[in-house]
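Work through the exercises below with the sequence and the structure in view. Each task is followed by a solution that goes step by step.

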Amino acid sequence: MFALMHSTRLESLHLSVDPRTGLKAVIAIHNNRLGPALGGCRYLPYPDDASAVGDAARLAQGMSYKAALAGLPQGGGTAVIIRPAHVESRAALFEAFGRCVEQLDGRYITAIDSGTSVADMDCIAQETRYVTSTSAAGDPAPHAAMGVFTGIRSTAMARLGSDNLEGLRVAIQGLGNVGYALAEQLHAAGAELLVSDIDPGKVQLAMEQLGAHPIANDALLSTPCDILAPCGLGAVLNSRSVAQLRCSAVAGSANNQLTNLQVADQLERRGILYAPDYVINSGGLIYVSLKHHNEELPVITAHLSQISLRLTEIFGHAQAEKRSPARIADELAERVLYR
Ligand code: NAD
């Protein structure tokens with residue numbers, strides 16, 4: 001565990017259990033230098049405790065980098081709640097988690113992520129004020145999707161020479177809160193959608209509402225397309241999957257898409273432009289952070305529009321230095337975090 005903390009440069013790791021509600025939670029705080037750590041709370045099943053801790057640590061690191069490049073006064077943190085096979089009261093479990101967040105006295109502020117909802121955040125808010133994305137504050141997913149949409153435009157511009165999405169084939173893996181909202185925006189812009197989700201109901205809806213073409217889950221990554229948008233869980237890009245990609249660029253919402261930085265170099269060698277995940281998906285964090293600071297929507301929208309500029313700047317550096325945009329983004333973030 002300490003080796004993991006060392007390799008991800010994690011500041012602290014907090015483990016909590018509450019046998020009454022079945023809560024088993026990990027809160028990873030990566031860096032508080034720029035402000036209190038802010039990041040999502042996952043509620044997913046994990047094969048073992050180490051996987052949950054590893055997920056929390058890597059996500060927290062990504063949140064620090066995301067906040068640093070988005071110019072937000074936040075550090076990076078993430079919570080993972082291991083979803084039990086059976087839960088008596090989901091509300092009680094999230095209230096118990098709220099008490100864990102409260103104990104950290106503001107060093108970590110929680111938010112929605114995979115598997116959690118606005119209703120869960122409302123339960124947490126019964127116990128602590130260090131929570132965002134409640135029903136009063138609003139769901140960040142549409143804002144994350146908006147950021148990814150504008151980021152896809154910048155990616156298309158950099159790689160294909162035009163940001164017109166009309167007729168562009170975009171393959172979306174995962175039609176959840178962010179993926180589906182992104183699909184709606186791409187459809188409105190005239191893109192052709194190729195979609196997969198482990199939930200067949202979501203695929204069916206996208207076929208009916210957006211004219212999307214269904215693709216088998218195990219075939220999505222190797223489907224010929226212009227842009228691949230991973231919007232499910234992380235670690236989808238490894239040496240094997242990258243060898244099979246048939247796209248010009250990868251630009252999606254999922255956190256931690258790369259298994260390691262060598263995979264980013266492999267993408268670069270294959271001529272596939274990679275939009276660094278924590279840059280293109282920063283719309284959700286921008287929304288929750290600024291909302292938590294009581295900013296109005298026009299201020300938030302103006303901040304969101306910076307995502308495409310930042311990406312374009314990173315692509316420019318990457319092209320000039322013939323290096324992966326992932327490496328450029330990491331270096332820029334580390335300059336802010338560790339200068
Ligand atoms: P979600 O749980 O609502 O959606 C994820 C979807 O992906 C689900 O429908 C799931 O069935 C599907 N999925 C998972 N694995 C899959 C696979 N192998 N193949 C096909 N489908 C698969 O989560 P979300 O809130 O939409 O977030 C999606 C990703 O974006 C996550 O990685 C999350 O960390 C990241 N993200 C979310 C936000 C946000 O505001 N919600 C912001 C930034 C980044």
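A helix here is a DSSP run of H or I with at least four residues, and helices are numbered from the N terminus. The model is a predicted one.

**Exercise 1. Find how many aromatic pairs the whole structure holds, and describe the geometry and the place of each.**

Step 1: Searching the whole structure gives two aromatic pairs.

Step 2: In one of them, the ring centres of Tyr 43 and Phe 94 are 5.1 Å apart and the planes stand at 70°, so this pair is edge-to-face. An angle over 60 degrees is what that class requires.

Step 3: Because Tyr 43 is in strand S3 (residues 37-44) and Phe 94 is in helix H3 (residues 90-103), the pair ties together parts that are 51 residues apart in sequence.

Step 4: Tyr 65 is found in helix H2 (residues 49-70) and Tyr 278 in helix H10 (residues 277-280), so parts that are 213 residues apart in sequence are tied together by the pair. Tyr 65 counts as buried at 6% relative accessibility, and Tyr 278 counts as buried at 9%.

**Exercise 2. Examine the phi angles of Ser 133 and Asn 256, and say where each residue lies.**

Step 1: Recall that most residues other than glycine have a negative phi.

Step 2: Ser 133, which is not a glycine, has a positive phi near 50°. Ser 133 sits in the loop between H4 and helix H5 (141-160), and with a relative accessible area of 1% it is buried.

Step 3: Asn 256 is likewise not a glycine, yet its phi is positive at about 55°. Its place is in the loop between strand S10 (249-250) and helix H9 (261-269), where Asn 256 counts as partly exposed at 23% relative accessibility.

**Exercise 3. Describe the chain as a whole, taking its secondary structure, its extent, its burial and its charges in turn.**

Step 1: The chain contains 14 helices and 11 strands. Its radius of gyration is 19 Å, which is close to the 20 Å given by the globule rule for 339 residues, so the chain is as compact as a globular protein of that length.

Step 2: The C-alpha trace spans about 55 × 50 × 40 Å along its principal axes.

Step 3: Of the 339 residues, 56% count as buried, while the accessible surface comes to about 14200 Å², with 52% of it belonging to carbon and sulfur atoms.

Step 4: Among contacts between residues at least 6 apart in sequence, 65% join residues at least 24 apart.

Step 5: There are 27 positive and 33 negative side chains in the chain, and the centres of these two sets are 6 Å apart.

Notes
Residues numbered from 1 in each chain as written. Predicted model: local features only at pLDDT ≥ 70, side-chain atom pairs only at ≥ 80, totals over all residues. Heavy atoms only, no water. Helix = DSSP H or I, 4+ residues; strand = E, 2+ residues; numbered from the N terminus. Rg over C-alpha atoms; globule rule 2.2 N^0.38 Å. Buried < 20%, exposed > 50% of the residue type's maximum accessible area, 1.4 Å probe, protein only. Contact = heavy atoms within 4.5 Å. Areas by Shrake-Rupley, 256 points an atom, 1.4 Å probe, with all protein chains shown as cover. Lys, Arg positive; Asp, Glu negative; His and termini not counted. Charge placed at Lys NZ, Arg CZ, Asp CG, Glu CD. Phe/Tyr/Trp six-rings, centres within 6.5 Å; stacked < 30°, edge-to-face > 60°.
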